[in-house]
Each structure stands twice: as C-alpha cells, then as structure tokens.
Amino acid sequence: MNLDNLARVDLNLLVILQVLLEEQSVTRAAHRLHVSQSAVSKSLNRLRQTLDDPLFQRTAHGLKPTAHADALRQKLPQILQNLYQLTQPPTFYPENSNRHFSFSMVESAYETLIPYFIGPLLQQAPQIKLDSYVWTEKSMQDLQQGQIDFGIAGRDIHPQTDSNIDQVPEGIESQVLFNDHQVCLVRKNHPILQKVNTGHWDQTHYLTMSHVQVRCEGNDWWALDYHLANLGLHRNLSTTVPDFYGAASVCANTDLIFTLPSSFANHAQKLYSLVSIPLPFEFMPMAYVLLWHERNNQEPGHKWFRNMIFSSVEKAIANNRIAKKGR
C-alpha cells in the first residue's frame with residue numbers, strides 16, 4: 001500500500017462517486033447530496049483525474065458507467081461501510097461475537113476461579129473462544145506485549161514485599177478478586193495431628209517437618225520462605241514439584257506437609273485423604289488479582305470480559321460464605 005498516494009485522495013470523492021453510480025444523474029446526485037450541480041460536476045472531474053478514467057458517458061437516459069466504474073460499483077459499498085465503521089465508537093455484542101480472548105492464571109486459581117466465570121461467559125457469548133495458560137515468569141511480559149489479554153495471579157497484601165498488589169509494571173492495571181490465606185495439608189492419621197489436637201502445634205514443630213513445595217513462576221521459594229529467611233529460619237523443602245495437584249498427591253501418600261492457599265486446599269481435600277490444619281504462626285494474607293494492560297481500559301470487549309469475571313467471582317464467593325454459615 002502506497003500511503004503517500006492514498007493521502008492525496010479526497011475520501012469525500014468516494015461518497016460522491018457512490019451516489020453518482022446509484023443515481024446515474026448529476027442533477028439527482030446534487031439533490032441527494034444537498035449541493036449544487038456545479039459542485040458535483042467539479043467533483044466528477046476530480047474523480048476522473050484521480051482515477052485516470054472518464055467513469056461515465058453521457059447518454060439520452062443519463063450517465064452510463066464505464067467498465068472501470070462498473071468494477072468500482074462492486075467494491076465501493078463495502079469500502080464505504082468499512083470507512084463508516086472507523087468513525088463509530090467501538091462496540092461489543094456478546095451474543096453474536098466470535099472474539100478470541102486469552103488469559104494466564106496461577107495454577108492454584110484454576111479450580112477456585114474458572115468454574116465461577118467460564119459458564120456465565122459462554123452463556124452470554126456462546127461463540128467466543130477462550131484460551132487459558134498457566135501463569136509463568138514470562139506471563140507479565142506477555143501481558144505487556146499484548147500476547148495475552150488477562151492475567152490472574154496471586155499477590156501479597158503486605159506493602160513491603162516484592163510481589164505486593166501495588167507493585168506491578170507500568171501500564172498494567174489490577175483489581176482484587178478475593179483475599180486468601182495460607183493453611184497446611186497433611187495426610188489423614190499423620191503423627192502431627194496428635195500435637196494439633198492437643199494444642200501443641202507451633203512454629204517449632206512446623207519447621208522440624210519435611211515439606212513438599214510447588215515451584216511457582218520458576219521459583220522454588222515462596223513469599224513464606226523469604227519471610228522465614230528474614231527471621232533467620234528456613235523450611236526443609238524435601239520435595240519440589242511443578243503443580244499443586246502433584247504436591248497434594250505427594251502429601252496424601254507421605255508424611256510431608258504442604259503449605260498452600262486455603263481456597264485450593266478445599267479442592268485438594270475432595271480428591272485426596274488430607275486434613276487441613278492452620279499455619280502455626282502469623283503470616284500475611286494474599287490476594288488473587290485480575291491483571292490487564294491499560295491500553296484495553298475502554299475497549300468494550302475487554303470491559304465486558306472484566307466485568308463478567310468480577311461479578312461472577314463476587315457472586316460465587318458470596319454464595320460460598322452463605323453455604324458455610326448454613327453448615
């Protein structure tokens with residue numbers, strides 16, 4: 001495409017050409033366009049010069065298009081429609097959209113969040129396509145570069161940590177979906193349960209145990225490990241695995257202890273014979289946040305997607321709280 005040549009074309013002339021093709025009369029075209037016949041004749045002369053073709057021949061019955069004008073008649077309506085769409089505010093209609101959205105999520109949020117919003121999304125927009133990926137150390141860069149539309153990641157609430165909610169790269173927006181805290185899982189009949197039941201479960205016992213850990217974003221250490229290191233303490237990370245379900249399986253079949261967000265612990269207990277016990281010392285809470293690039297703040301499709309996630313998750317969390325109170 002030669003943009004220099006295109007810049008010299010008066011796009012208003014295309015509108016006049018379309019009207020002339022429809023009316024095949026300078027008089028009728030001038031009447032529709034609310035201009036003088038002289039103005040239409042001058043525009044027609046400019047069109048002939050620009051397109052290097054006479055475009056019309058005068059006959060007793062009006063203007064007869066040339067072969068070139070006839071060919072333009074097949075293409076021009078769609079070209080003008082596309083130009084018109086460029087002048088309109090962007091719109092998004094979920095019921096007939098075939099948009100493609102992509103997002104990355106931390107693994108611990110898959111069971112917790114996806115069931116809440118996938119159903120409502122596809123119910124309102126049955127033709128959209130959703131691609132999900134596991135959140136990795138490269139996902140934030142993918143978000144910045146537009147390789148993915150959204151991210152759902154765990155962030156620390158404490159302001160002095162390197163991964164707190166407010167510390168996101170320039171241009172990235174975030175909103176909290178829900179807050180969570182850390183708990184521990186052990187297998188049923190684990191020896192430590194005796195100490196838990198007698199009130200002797202404390203930090204010392206926690207640190208003497210062997211732990212299974214999930215490698216997150218390429219890191220073997222979590223915020224908890226850095227917190228302990230600042231206190232001159234450390235956990236015995238006996239086994240490190242790449243995913244949460246793998247860690248839950250290891251935990252269910254060994255004496256290793258697994259520390260993880262409480263929301264995922266609930267799902268792991270449905271699959272494995274595991275018992276949830278509290279973390280025996282104070283540690284900062286965390287939050288699951290939705291991330292997106294500011295370039296999409298006002299884009300209708302992105303706004304709809306974000307609002308659907310926010311409302312669906314909020315509704316599901318509220319229902320879960322009501323269900324727990326009813327037990």
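1. Let's start with a pairing: Ser-104 sits opposite Tyr-133 of strand 4. Keep in mind that this is a predicted model. The two strands involved, strand 3 (residues 100–105) and strand 4 (residues 129–134), run parallel and are joined by six bridges. To get from strand 3 to strand 4, the chain passes through helix 6 (residues 107–124), making a right-handed β-α-β crossover.

2. Asp-131 deserves a look while you're in strand 4. It's a buried residue, yet Asp-131 has no salt bridge. The nearest side chain of opposite charge is that of Lys-129, 4.5 Å away, and a salt bridge would need the nitrogen within 4 Å of a carboxyl oxygen.

3. So what does the side chain of Asp-131 pair up with? There's a polar contact of 2.6 Å to the side chain of His-100. Setting aside neighbours within four places in sequence, Asp-131 is in contact with His-100, Phe-101, Ser-102 and Phe-103.

4. Over to backbone angles. Asp-52 isn't a glycine, but its phi is positive, at about 55 degrees. You'll find Asp-52 in the loop between helix 4 (37–51) and strand 1 (56–59). Is Asp-52 buried or exposed? Asp-52 counts as exposed because its relative accessibility is 70%.

5. Asn-189 is another non-glycine residue with a positive phi, near 70 degrees. Asn-189 belongs to the loop between strand 7 (182–187) and helix 8 (192–197). With a relative accessible area of 68%, Asn-189 is exposed.

Technical notes: Residues are numbered from 1 along each chain as its sequence is written. This is a predicted model: local features need pLDDT of at least 70, side-chain atom pairs count only at pLDDT 80 or more; totals for chains, interfaces and linings use all residues. Side-chain values use heavy atoms; hydrogens and water are left out. Two strands pair if DSSP finds at least two bridges between them. Helices (H or I, at least four residues) and strands (E, at least two) are DSSP runs, numbered from the N terminus. A crossover is right-handed if, with the strands pointing away from the viewer, the path from the first strand over the helix to the second runs clockwise. Buried means under 20% relative accessible area, exposed over 50%, partly exposed in between (1.4 Å probe, protein chains only). Lys and Arg count as positive and Asp and Glu as negative; His and the chain ends are not counted. A polar contact is a pair of N or O atoms within 3.5 Å; within protein, one must be able to donate a hydrogen and the other to accept it, and residues adjacent in sequence count only if both atoms are side-chain atoms. Contact means heavy atoms within 4.5 Å.
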